[in-house]
Amino acid sequence: MNPTVRTAITILATTISFVVTICFCLGDASAQRQRRRTPAASRPVIRSGTIDYSRFSHATKKHQAGCNTCHKAPTENWKKVRDFPDVADYPGHEACVSCHRQQFFKGAKPVICSICHTSVSPRNDVRFAFRNPVVPRQFVIEFPHDKHQDVIAGLLRELQAAPQPLFRRASFTSNKTDDKTKHYNNCEICHLPRTNAPAAPPAGWPDSFIPDAAFFKSAPVSHAACFNCHWTSQQPTNANCGGCHKPADKSYVVVDTAHRLSMKFRHAREQHVAECTTCHINITKASTLRGLKPDVPITACTECHNKDGLRLDVSKELEAVDKNRDFVCGYCHTSDVGRRDPPSSHYLIAGREAMMRKDVK
């Protein structure tokens with residue numbers, strides 16, 4: 001073969017090999033860059049319906065940072081809506097945009113805005129009340145009655161030893177009840193006489209018996225009864241939300257309705273105005289609200305309502321059941337409770353053997 005032709009063939013083969021190698025390397029590098037840009041296996045695929053951005057959940061892992069990461073205490077609006085410094089508004093946009101910029105600028109009416117805003121519109125910045133009463137709650141309150149009872153007892157000892165009254169109501173809100181009513185400076189620091197009646201049960205009031213506000217005591221619904229002590233001076237303070245607010249096992253909606261066995265008991269009745277622990281004997285020992293019920297033993301009632309020479313209300317109703325198994329006990333109870341079998345504690349108070357309605361001859 002002609003030497004010149006042989007040389008030309010060698011150069012051509014080398015060139016082709018070089019070009020193929022370059023193309024392969026470029027293709028491989030491109031593929032590697034492509035894999036780095038779109039790691040399909042690790043990138044979450046978000047489809048419509050997978051994540052509901054109209055609802056905020058504290059259960060989301062990235063939402064479980066320190067509470068003051070998002071919530072500020074006090075919020076800028078507290079003077080407009082509270083009588084005391086408080087967390088009274090939703091977190092600002094900066095708490096959300098750092099992670100949710102894509103959702104914030106998605107379309108003309110981003111669904112994520114509906115968590116806080118009454119209307120999703122660039123011209124309307126009105127927000128729901130904080131907390132929104134219709135949104136299920138995600139936390140329960142951990143309140144130790146036993147510890148607070150010790151504090152109250154200490155204050156009472158201080159009051160008794162002082163030449164001038166030292167006891168002050170531990171609340172930012174004042175007690176607006178009339179001066180003629182007798183009050184006790186213990187449980188009433190938090191549990192004041194109600195000023196409005198509770199809502200009716202879902203099925204309505206049994207027997208159309210509608211109790212008014214005077215039948216009940218109130219329970220704290222804000223930080224007003226707490227922050228006089230727990231704003232900055234005593235733990236848990238305003239920066240330690242988790243000291244009181246614990247994640248609930250499941251979300252729930254608060255319904256302000258009465259749950260009572262003795263629906264006809266009226267707290268404001270003169271004979272019933274007494275030291276709260278006269279009847280609620282177990283509350284002061286409670287270290288938690290979980291499972292706690294303000295139950296009262298029957299003995300707290302029968303000191304007046306089943307005493308020889310005074311009244312025998314329990315005994316009389318048990319005797320009525322003896323005569324008619326369908327008799328409804330109605331002195332204390334509405335018919336939803338009064339038609340049940342009287343509990344053994346009632347028979348014990350009356351000095352009788354317990355029995356069930358079905359055994360009445």
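To start, F227 and W231 are both buried, where buried means under 20% relative accessible area, exposed over 50% and partly exposed in between (1.4 Å probe, protein chains only). This is a predicted model, in which local features need pLDDT of at least 70 and side-chain atom pairs count only at pLDDT 80 or more, while totals for chains, interfaces and linings use all residues. Residues are numbered from 1 along each chain as its sequence is written, and side-chain values use heavy atoms, leaving out hydrogens and water.

**Exercise 1.** Find how many aromatic pairs the structure has, and classify F215 with F216 and F227 with W231.

*Solution.* 
- Step 1: take the rule. Rings of Phe, Tyr and Trp (its six-membered ring) pair if their centres lie within 6.5 Å; planes under 30 degrees apart count as stacked, over 60 as edge-to-face and the rest as tilted.
- Step 2: search the whole structure, which gives five aromatic pairs.
- Step 3: the F215 and F216 ring centres are 6.4 Å apart with planes at 45°, so this pair is tilted.
- Step 4: the F227 and W231 ring centres are 5.0 Å apart with planes at 65°, so this pair is edge-to-face.
- Step 5: follow the links, and ring pairs join F84, F227 and W231 into a cluster.

**Exercise 2.** Is K307 buried, exposed or partly exposed, and which residues does K307 touch?

*Solution.* 
- Step 1: the relative accessible area of K307 is 40%, so K307 is partly exposed.
- Step 2: leaving aside residues up to four places away in sequence, K307 touches T302 and L312, with contact meaning heavy atoms within 4.5 Å.

**Exercise 3.** Where does H117 sit, and is H117 buried or exposed?

*Solution.* 
- Step 1: H117 lies in the loop between helix 3 (94-104) and strand 1 (137-141); a helix is a DSSP run of H or I, at least four residues.
- Step 2: the relative accessibility of H117 is 13%, so H117 counts as buried.
- Step 3: its contacts, not counting residues up to four places away in sequence, include H93, D125 and R127.

**Exercise 4.** What distance separates the C-alpha atoms of K307 and I349?

*Solution.* 
- Step 1: along the chain, K307 and I349 are 42 residues apart.

Methods
Helices (H or I, at least four residues) and strands (E, at least two) are DSSP runs, numbered from the N terminus.
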